[in-house]
Amino acid sequence: MATKTVEYLIRRNPETGMDGRPAAAPLFPAGIEPELQGEHMLINIGPQHPATHGVLRLVLELDGETVVRCIPHIGYLHSSFEKLGEYRGWNQIVPLTDRMDYLAPLIYNCAYAMAVEKMMGIEVTERCKVVRVILMELDRIFSHLLWLGTTAIDVGAFTVFLYTFQQREKIYKLHENYTGARITTSATRIGGMLADLPVGWTEQLQDFIDGLPRTLDEVETLLTNNQIWIGRLQDVGVISPEDAINHGLTGPNLRASGVAYDVRKDNPYYDYETYDFEVPVGRHGDCYDRYLVRMEEMRQSLRILQQALDRLPGGPINVDDPRVILPGKADVMTDMESMIHHFKLVMDGIKAPPGESWFSVESSKGELGMYVVSDGGPKPVRWRVRGPSFINLSALPKMVEGHLLADVIAINASLDIVLGEIDR
Amino acid sequence: MSDKLKDALAGLAAGPESSDAAAASERGPAADPNLHPSVAALRERFGSAILHHEVVAGDEHVVYIPADRVIEILGWLKAAPEQDYDFLKDVTAVDYGGGRPLQVVYQLWSIRRRHGLRVKVELPLQALEIDSVTGLWASANWLEREVYDLFGIVFRNHPDLRRIMMPDTYAEGHPLRKDFPLRGRFSRLEQTRRALAVNLERDYTPEELQVGGTPVQIGTTGASGEPRP
């Protein structure tokens with residue numbers, strides 16, 4: 001498997017000065033002095049706090065500035081999407097999926113449609129496959145750019161946020177031109193997409209692909225060798241490969257610990273095995289490695305995007321399957337059977353045969369699993385989302401205990417959580 | 001209010017319809033165990049404890065096991081070198097409604113060997129208890145809490161079994177069960193009354209630290225009870 005190890009370009013010592021020589025005074029306390037252990041303090045962060053990236057509440061037990069215990073409280077955004085899904089038709093669930101991870105909505109749209117299609121035994125068209133790959137890789141970059149900007153703010157660098165949001169705005173425009181919405185895209189349908197790509201969209205995407213590397217280079221100039229960035233992130237929030245697997249970490253958080261597990265390589269879907277790209281893995285499992293892995297992932301996603309654009313085949317975007325796809329508008333207006341078919345499909349909804357299916361895709365946050373169960377009716381019996389952020393966040397107490405209070409913010413930021421998907 | 005809207009609201013209040021297809025939760029035809037290396041090995045080692053094996057959606061293998069042997073069988077799947085299921089992707093449950101047993105679903109994956117297996121356990125509604133697998137995979141911690149919160153299945157020996165999505169004081173039951181109405185069991189008035197009666201100060205007391213289990217000392221053990229490196 002093609003993997004790429006991302007490595008530090010600089011000496012791994014946070015206590016060197018700008019010139020590389022040891023700094024006169026240690027920048028960080030050397031450790032906890034046992035005789036100073038006194039009364040523990042209770043600190044509450046959130047639920048309304050910008051550094052928690054949503055409505056996450058952390059209760060911390062502190063000894064001085066060291067975290068003894070961390071108890072995350074979630075559920076503030078809980079709206080039971082899974083229960084709502086049991087009251088909706090198969091296609092009507094699509095708008096719920098992009099409200100989970102609103103930082104990478106298209107990945108969730110696609111993953112849901114793919115799970116239902118697998119259960120129904122539908123093979124989408126070649127053009128649809130490539131379009132979905134393009135959309136998923138685009139939203140991986142979309143999500144990583146937001147992570148980069150907000151993490152930099154959390155750690156004290158504001159400028160990066162402006163650089164990344166300038167690029168994100170281009171992706172917003174791509175979303176809008178294709179789906180009509182900037183965030184709540186709802187782009188997929190069972191068996192295809194809401195529409196074919198509009199005229200000029202691929203050229204717009206090409207402009208974005210050509211422009212992003214320059215911004216990434218600029219951001220790397222700002223951060224990668226930055227003394228503050230290094231000091232705040234290196235050796236902070238270290239998790240070993242064994243612990244990372246045991247705690248269920250996936251995505252860049254797992255790969256930063258050196259485990260080259262990527263669903264796109266290990267259990268490929270949509271011909272990912274035919275794209276030429278590498279999986280970046282880290283070596284130290286700390287926040288800095290997670291940063292390096294995500295930066296490299298964006299560059300690899302650009303490679304996939306370029307290859308997908310080059311191979312984008314023609315032909316229909318929806319499958320030719322009357323069970324799931326509406327007849328053409330011209331047919332509905334002129335042909336009685338098509339009109340009845342249209343009416344039945346809209347009023348009764350798609351009927352999936354009894355069965356179940358699990359579909360995993362590599363989301364920007366980690367492994368996203370969609371599990372759908374049907375009893376043959378027009379609505380699912382169960383629709384389950386294995387959200388990567390939910391399980392990544394459950395490892396937070398393990399990672400922050402023993403660190404300083406200020407590191408909690410950096411570690412939480414480095415996990416790249418999105419509360420919409422955690423609370424669902 | 002139009003009749004159609006009235007019907008729709010009545011339908012919402014009545015809760016989800018019980019499934020028409022009585023056969024939906026019944027098991028599919030048994031598949032050839034030799035199709036999947038782990039299933040053949042499981043059959044050989046545990047014999048009749050492997051209640052059923054089926055293939056769904058083309059290539060997904062599902063194995064049914066009895067509730068009282070979960071730790072034994074899943075522990076073997078994790079530890080046996082030729083199985084090596086080191087990664088627990090998901091724990092969830094399925095309620096088919098109509099008084100049928102709840103299914104607890106484990107999604108296993110082996111990162112090294114790149115194969116997956118779905119293990120299901122059926123629990124009758126009168127005995128919704130099962131052993132926790134947090135001792136095998138730490139990732140089960142929150143997943144089992146979620147199943148407990150939303151389905152009411154109790155996981156024995158779980159280190160910190162309490163609600164995770166719904167508030168601690170939530171008294172309306174377990175929302176993802178089929179007998180739970182979409183808008184909750186209480187009236188809107190009662191829900192508002194309860195929401196206003198919540199004592200927010202309680203969240204900021206030292207008792208808050210008692211909810212996450214027993215305190216741990218730095219340098220000796222982590223949250224999961226394992227020694228720190």
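This is a predicted model: local features need pLDDT of at least 70, side-chain atom pairs count only at pLDDT 80 or more; totals for chains, interfaces and linings use all residues.
User: Start with helices. At what angle do α6 and α11 of chain A pack?

Analyst: About 160 degrees, with the axes 11 Å apart. Helix α6(A) covers residues 201-223 and α11(A) covers residues 287-311.

User: So is α6(A) roughly parallel or antiparallel to α11(A)?

Analyst: Roughly antiparallel, because the angle is over 145 degrees.

User: Left-handed or right-handed crossing?

Analyst: α6(A) passes α11(A) in a left-handed crossing.

User: Which residues of α6(A) meet α11(A)?

Analyst: Among them are A:Leu205, A:Ile209, A:Leu212 and A:Leu216. On the α11(A) side, the residues include A:Met295, A:Met298, A:Leu302 and A:Leu305. The residues of this contact divide into 10 nonpolar, three polar and two charged.

User: Next pair. How close do the axes of α5(A) and α6(A) come?

Analyst: Within 10 Å, crossing at roughly 165 degrees. Helix α5(A) is residues 159-179. That angle makes α5(A) roughly antiparallel to α6(A). The crossing of this pair is left-handed.

User: Which residues make the contact?

Analyst: From α5(A), they include A:Tyr163, A:Gln167, A:Ile171, A:Leu174 and A:Tyr178. From α6(A), they include A:Trp201, A:Leu205, A:Phe208, A:Leu212 and A:Val219. The residues of the contact divide into 12 nonpolar, six polar and two charged.

User: Switching to strands. What is the strand order in the open sheet of chain A?

Analyst: The order is β8-β9-β10, three strands with antiparallel pairing. The edge strands are β8 (355-362) and β10 (382-386), and each pairs on one side only. The twist averages 10 degrees from one strand to the next.

User: How many bridges join β8(A) to β9(A)?

Analyst: Eight, and the two strands run antiparallel. Strand β9(A) is residues 367-374. For one of the partners, take A:Phe359: its bridge partner in β9(A) is A:Met370.

User: Which helix packs on that sheet?

Analyst: Helix α3 of chain A, residues 105-120. This helix touches β8 and β9 of chain A. Its direction makes about 145 degrees with that of β8(A).

Conventions:
Residues are numbered from 1 along each chain as its sequence is written. Chains are lettered from A and ligands numbered from 1 in the order in which they are written. Two strands pair if DSSP finds at least two bridges between them. Helices (H or I, at least four residues) and strands (E, at least two) are DSSP runs, numbered from the N terminus. Axes are lines fitted to C-alpha atoms, for helices over the stretch in contact, and angles run from 0 to 180 degrees between N-to-C directions. Two residues are in contact if their C-beta atoms, placed from the backbone, lie within 7 Å. Angles under 35 degrees count as roughly parallel, over 145 as roughly antiparallel, 65 to 115 as roughly perpendicular and the rest as oblique. A crossing is left-handed if the near helix is turned anticlockwise from the far one by less than a right angle, and right-handed if clockwise. Ala, Val, Leu, Ile, Met, Phe, Trp, Tyr, Cys and Pro count as nonpolar, Asp, Glu, Lys and Arg as charged, and the others, Gly among them, as polar.
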